[in-house]
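Take a look at the sequence and the structure, then read on.

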Amino acid sequence: MNNLREFSWSVLFTWMLLSAIGLIAIYSATQGPVSQFLPEYIQNNFFKQSAWVLISLFVLIAVQLVSPRTFIQLSYALYAIGIILMLLTLAFGTEINGAKSWLRLGPANLQASELMKIATILATANYLTSRRDISAENVRYALIAVVIILIPTILVFLQNDLGTALIFLALIPVMLFWSGLPYGVSLFMISPAIIVYLSVIEWYYGAIAAVILTCVIFFVQRRLWLSIASLVTGFLTISGVQLAITQLLQPHQIARIAAFTNPSYDPTGAGWNVIQAKTAIGSGGLTGKGFLEGTQTQLKFLPEQWTDFVFCVIGEEFGFIGAAIVILAFLFLFIRLLNMAGNHKHPFAQLVTVSVTAVFFVHFFINVGSASALLPVIGLPLPFISYGGSAFLTNTIMLAICLNMDFYKREFSIYR
Amino acid sequence: MTTGQTNRTRTSIRALQVIIFGLTFIVLGRVFYLQIVEYDMYAALGQENSIRQEYIDPARGLIYDRNGRLIVDNEPIFSITITPSLFDKSNIPLLSSILNIPDSLLASHIQQAQDYSWHRTSRLFTEIDFSTFSAVQENLWRLPGIGHQIESKRHYPTGMKASHLLGYLREANENEYQQISTLRLGDKVGKSGLEMIYQDTLRGRMGINYLRVNALGQALGNFEDNTLTRTPVQGADIITTLDTDLQIFAEELMEGKRGAVIAMNPNTGAILAMVSSPSYDLDRLAGRLDLDYWQAINTDSTTPLYNRAISSRQPPGSIFKPLMGIIGLHLGIITPETEVYNSGAYIRGRAYRDLADIGEYDLEKAITFSSNTYFLSLMDQIATSGKLNEWSDLINDFGLGVPNAVDLPNANAGIIPDSTYLNNRFGDRYWGLGDVLNFGIGQGMISVSPIQIAQMTSTIANGGYRIKPHLVQGIKDPKGNLTNIHPQRKKIEWIKDEYLDVIKRGMRGVVVEGSGRWYANHQDIEIAGKTGTAQNPHGLDHGWFTSFAPMDNPEIVVTAFVENAGFASRSAAPIASLIIEKYFMGEISRNWIYEHVINFEPIDPEANNDLITPVNE
């Protein structure tokens, strides 16, 4: 056994802090005065989440007892099992809120796509670090890595879970970047996301971004063809967004986008969630209205306030102080995890830690961004805080793997 | 691992940390912006969201008569409401059995409510009886989406109609919502009569209850222990000048006739009774609107909604003669002793017939027997001496031809022509003596309303004071403080007592020995009056009678006007006389006159009829 002082206690405490805040928020959102408007199975969410936190704590401790090499050895097997579970979900899954992503396993509903996040990260990392000569600079290796990520992405997409599919997609640039993909090419890969975001607001914002990104790529990489490709991709993206908004998307999807750019356009329809979420956060002020005192929360003005809009509950009842504590705790977690990655000698550990950080960050950014109307509403839970057993367990396991590899970093090296 | 790789790793870590740092601070900044910078806006939004104002209608003020008798009060009406989105249609049989109506009727009402709004609450049935209402109340728990509501409607406990005086309430229209900020959709406002003029007094102040609601609009009880709640203030009560018994009696006399009658105190202008006939039933306009009835009274050719007492415009005929006499005396054209010979007609360009006996007439006799010649000659002198405009101004002093001061809507000013009016009417100087001469006998373009004649008669009776006819003498606020309303009367300086003495004697003569001697005289009451006929191109003449009693120190003025009734002496005069008798004696001893009025049939003077001798009226 290693010296326990080498364990990253601060990360564990952050995990505990976030879990505790999550439980408090879920309690308020489901057990407070609002409970009179909620069906019993939702009122029970608090107790279920408490059980999951307890289970996850044991899993977190258990994970610390295995050797980091276990993750390398198990990675492909886990990936295969994950794909099979996802296929089973597609065939026999239960549909909740329009997404067919739950597999009934006895008393619990298992969200295979959550566990698949771990398997995909481990498998891709294993592949990209299995031999020293593998680098993402080589198109063949890069493509294989992309395929490993794309298979679960497509399966999640088929389950109609757009938010989680985005998480998988976000893994591609991060993992390839870490495996040697040049900066310019990495930037080129994420540029469509930035351009889509901006051109949804106004098409010319997207155009300005496309031009700036092309210039940056040219100065970083000094490759003319890449810059031209970037510019062309940028403008194809803008045209695609315009085409989607005007021709392809269903009216309710357009309404969501319109609600994001101008919530007052349809205040009782698609804009409702945006207005209510902003009102909840904004009316919290500096110190908040107090635990169980938030009128937006307790009078059920917020939709899905125990999952996607849990941040609004915190913002309303604990004010800017509470919201800032959550945001800064996450920031600490991200920075700390990236520092861990920097200290690793083994590239697998580096890649897994960076990928996990990226997954957490994208969840965090999209969830809080949606709740504060910085982004269109995309249904993604806030890690460790939102209600959701599978997600909580998965996130904890991912964190636990990072902690494990950090704990054993002295032994875990390619030289041994 | 090479050094290059290590460097790249370190740079990448820093790059990622910088990106995450930056984006996280954007999120933090956004939250700071919402919670700190825009706090005021969102705090207000949050309040609005979860606190709903519920309005509580104040009880509308009551209306009393001069003796403190309640004439208008409020009666509860019970309504069943429905919120279609919450109603389960499988409950239709249960609800219809409670309401004791067929399923199909209930279903069609529900459909109507649903067509109006799926989410909003609307009335399903109004004015249901109390036992049905309680049965529904008891079963509310089994009937989600069904609610109940108690509203009030106006109720008229005496047998008095007074429809034109009291007026009716209707839901406010869009214009009124825009003008009066305290009005809400569905609020009822007075649309005619006192209900309209005293709308603000009677209405009171709306109460507000602050309720906490959830996103589904469900009320969750009071907010902050009612500290914000404003209790409703009930409307102030109105004390009218009406005498209920006299009003009921006047209504009875006017039943079946078209016209108006006004009884007024000549010294104060307090209206004791005012009837416009035909009238309508206020009871049927209270509460839920009876559309068929509303249509019927709106399209009726006899215009029951129209208040003839204050709005009708008719030539006064011979009741104008006393006024002419006063003006002639003031202008110095005549003295009480001036005599004019009646040869059976007044010749001036053409012959003006005079039915009064041939002979010499002084002013008193000219009024008593209504000599046309006397007043045509007087008007002739006024016009030829260039005093037409002065004449017109002097008449205006009596309240004729000027906007009426009565506290009811739609009063008519009438017309007392002057040279400007005639120039406008005929063109400059395209009118002559022939157009002006018959003003002297109240014909031609002169038009007046019955309330104006009552006002004029009061001025003669009260010794030359201009009074303000009014229906309201006091307002009692909810705390019980009474504010009396005494419109000031004003002495018309130029009217001298000696003028009035002659005129009053002439008018007394009308009742004792003139056209009023058959139906207007009462042995114990000194009534003075004057008959008049308003010529009417459509059908029989309209009859006027204006009177006061007793001769010395008059207490009451009664003016009656009956359309298409032929001779005023047997149509209008007995009505006024009976009202005076009722006022002084409390009961009617002259039953034959009462029977005559109740069973009145007009007589056509053009037809050869031996029953009656034609006289000037």
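Let's start with a strand pair: in chain B, β2 (residues 63–64) and β3 (residues 70–82) pair in the antiparallel sense over two bridges. Strands here are DSSP runs (E) of at least two residues and helices are runs (H or I) of at least four, numbered from the N terminus, and two strands pair if DSSP finds at least two bridges between them. Keep in mind that this is a predicted model, where local features need pLDDT of at least 70, side-chain atom pairs count only at pLDDT 80 or more, and totals for chains, interfaces and linings use all residues. Residues are numbered from 1 along each chain as its sequence is written, while chains are lettered from A and ligands numbered from 1 in the order in which they are written.

**Strands in chain B**
- Ile63(B) has Val72(B) in β3(B) as its bridge partner.
- β2(B) and β3(B) make a hairpin with five residues between them, and Gly68(B) in the turn has a positive phi of about 85°.
- β3(B) also pairs with β5(B) (residues 146–155), antiparallel over 10 bridges; there, Phe78(B) is partnered by Ile150(B).
- β3(B) runs antiparallel to β4(B) (residues 122–128) too, joined by four bridges, with Ile82(B) opposite Ser122(B).

**Two helices in chain A**
- The axes of α5(A) (residues 112–129) and α6(A) (residues 139–158) come within 9 Å and cross at roughly 170°; axes are lines fitted to C-alpha atoms, for helices over the stretch in contact, and angles run from 0 to 180 degrees between N-to-C directions.
- That makes α5(A) roughly antiparallel to α6(A) (the label for angles over 145 degrees).
- Residues making the contact include Met116(A) and Ala123(A) of α5(A) and Ile148(A) of α6(A); a contact means C-beta atoms, placed from the backbone, within 7 Å.

**Where the chains meet**
- 30 residues of chain B are in contact with 36 residues of chain A.
- On the chain B side, α1(B) gives the most, with 17 residues.

**Chain A overall**
- Chain A has 16 helices and three strands.
- Buried residues make up 52% of its 416 residues (buried means 20 or more other C-beta atoms, placed from the backbone, within 10 Å of the residue's own).

Technical notes:
A residue is buried if 20 or more other C-beta atoms lie within 10 Å of its own, exposed if 12 or fewer, and partly exposed in between; C-beta atoms are placed from the backbone. Two residues are in contact if their C-beta atoms, placed from the backbone, lie within 7 Å. Angles under 35 degrees count as roughly parallel, over 145 as roughly antiparallel, 65 to 115 as roughly perpendicular and the rest as oblique.
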